[in-house]
Amino acid sequence: MEITKHLLLNLSLLIVLLFFTQLVIERQASEKNRNGLQILYFILSILICFIFSIETSDGIRFDLRQVPMILGSLYTGQGFLLAGVTIIMRGFMGINDGFWTSAGVFTVLAFLLTWMHSWFSSLSLNQRVGVSILVTVITSMVLMQLIGIITEPITHPEAWISFLVIPAITSGLISYSIETIRQSLLIRQKLAKADKIEAVSHLSAAISHEIRNPLTTVKGFLQLLGEQSYPEEKKKEFIQIAVSELDRAEEVINDYLTFARPAFEKVEEIDVEKELNHVLNVLKPLANLNDIKINRKYTPGLIISGDRSKFQQGFINLIKNGFEAMPDGGELTVQTFLTGHTAHILISDNGIGMTEEQINRLGEPYYTTKGQQGTGLGMMVTFSIIRAMRGKVEIKSQPGKGTTFHMKFSNQTEK
Ligand code: ADP
Ligand code: MG
């Protein structure tokens, strides 16, 4: 029973490692990081299998290395990488017949599994678990036959258990766990989206409230002006207040309309440098007032497609936020560059920055930390504009250090 015990220990270590890595993976926001960690999990699992492999008196090594190799290739599509890792690690244990058998089997597996990867991804949850177990059983049988040829045929019943049953169970358990964890992540993402949609449907109600306030104020002043004769000075003051209230209402309506109609009426070529310069010129007085230096680092000739006036509005909101984050002055940097077919636009400030919680709430309607001064609609509008242009936003921010908004547009065309 020595071998079985050993393999069961091996199995439990793989499961513990699985839960630990999945916890870390769930916390990653970027898809790239998640995939990287997933691959790392399988590599570490192969390593653990080798560390806990057991050698019998006739020189056969028992472990579960085929399980992470098979599942890793099916789930991540990195069959060749994982086969390479497995073969190299096996090499460290001595180059003998066992090594060559192993190298042969894992190379063939790498080809087969890489080829199967996209088909595998298209299967249903239960089918994927089934296929994982099946591939593991077939591989184990092949390995067993080959070992039988090299040494002597395996007849001992325990060998059957160790070689077929335990790998099959391990494979099933791990793939079932991966599926369950994935499922719960998906459900949580869907819930988060539903939350946002609900927030938007509350928007119309909230907006009318927002507009009613300034309108009531304006109405009051107009009535006052009509009912009594005030000195010229006082009248001017009333009118000024009324106009500024109307300005505010107009701003809210503008923001709302852009958000409600994110689909573009016009799709035109946007000369990124020209439009950003235009935005910066509009905002120049504000920058001067706040003692803010503007740096421009452009890569010339960047063109993306979208609606020009909405592009401007989106970036006015972003840059204004940058200014407002630096009440005692600072530097705002606008940078553009190109990688492949993706145009990048970065807006950085060295202002007050945001905590992680604040970053997560960005774009939520009415989320503002500026009290009466803020509308809490700017980021929501900007995000919807960028989304409509099929752009992506990454936000990096540190409280007290500053914030960078990194926009990526993959629909750019070259001049
Ligand atoms: P508003 O500017 O009216 O408050 P926004 O939607 O434009 O509304 O921004 C929402 C909130 O996000 C702001 O109140 C602020 O707390 C935060 N924020 C946005 N941009 C920045 C930035 N560059 N630096 C620090 N905080 C920011
Ligand atoms: Mg704003």
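1. Let's start with Thr 382, which sits in helix α13, residues 378-388. (Helices here are DSSP runs of H or I with at least four residues, strands are runs of E with at least two, and both are numbered from the N terminus.) Thr 382 is buried, with 1% relative accessible area; buried means under 20%, exposed over 50% and partly exposed in between, with a 1.4 Å probe and protein chains only. Leaving out residues up to four places away in sequence, Thr 382 touches Gly 314, Asn 317 and Leu 318, where contact means heavy atoms within 4.5 Å.

2. A word on the ground rules: this is a predicted model, so local features need pLDDT of at least 70 and side-chain atom pairs count only at pLDDT 80 or more, while totals for chains, interfaces and linings use all residues. Residues are numbered from 1 along each chain as its sequence is written, chains are lettered from A and ligands numbered from 1 in the order in which they are written, and side-chain values use heavy atoms, without hydrogens and water.

3. Next, the nonpolar cores, meaning sets of buried Ala, Val, Leu, Ile, Met, Phe, Trp, Tyr and Cys residues joined through side-chain atoms within 4.5 Å. The largest has 47 residues, and Tyr 41, Leu 64, Met 69, Leu 109, Leu 113 and Ile 174 have the most contacts inside it. Helix α5 gives the most to this core, with nine residues. Another core, of 34 residues, lies apart from it and includes Val 272, Met 326, Met 354 and Met 379.

4. Do have a look at α3, where eleven of the eleven residues are buried. Among them are Met 69 and Ile 70, and Leu 109 touches both of these as well as Thr 139, not counting residues up to four places away in sequence. Just after α3, Gly 77 takes a positive phi of about 80 degrees.

5. How many salt bridges are there? With a salt bridge taken as a side-chain nitrogen of Lys or Arg within 4 Å of a carboxyl oxygen of Asp or Glu, the count comes to seven. In one of these, Glu 179 pairs with Arg 128, with the closest N and O atoms 2.5 Å apart. This pair links helix α7 to helix α6 across 51 residues of the chain, and both Glu 179 and Arg 128 are buried.

6. Arg 308 and Glu 275 also form a salt bridge, at 3.4 Å from N to O. Arg 308 is partly exposed at 31% relative accessibility, whereas Glu 275 is buried at 4%. Through shared partners, salt bridges join Glu 268, Glu 275 and Arg 308 into one network.

7. Two backbone angles deserve a glance. Tyr 366, in the loop between α12 (356-361) and α13, has a positive phi of about 70 degrees although it is not a glycine. Arg 390, in the loop between α13 and β8 (391-398), has a positive phi too, near 55 degrees. Tyr 366 is partly exposed at 29% relative accessible area, while Arg 390 counts as exposed because its relative accessibility is 66%.
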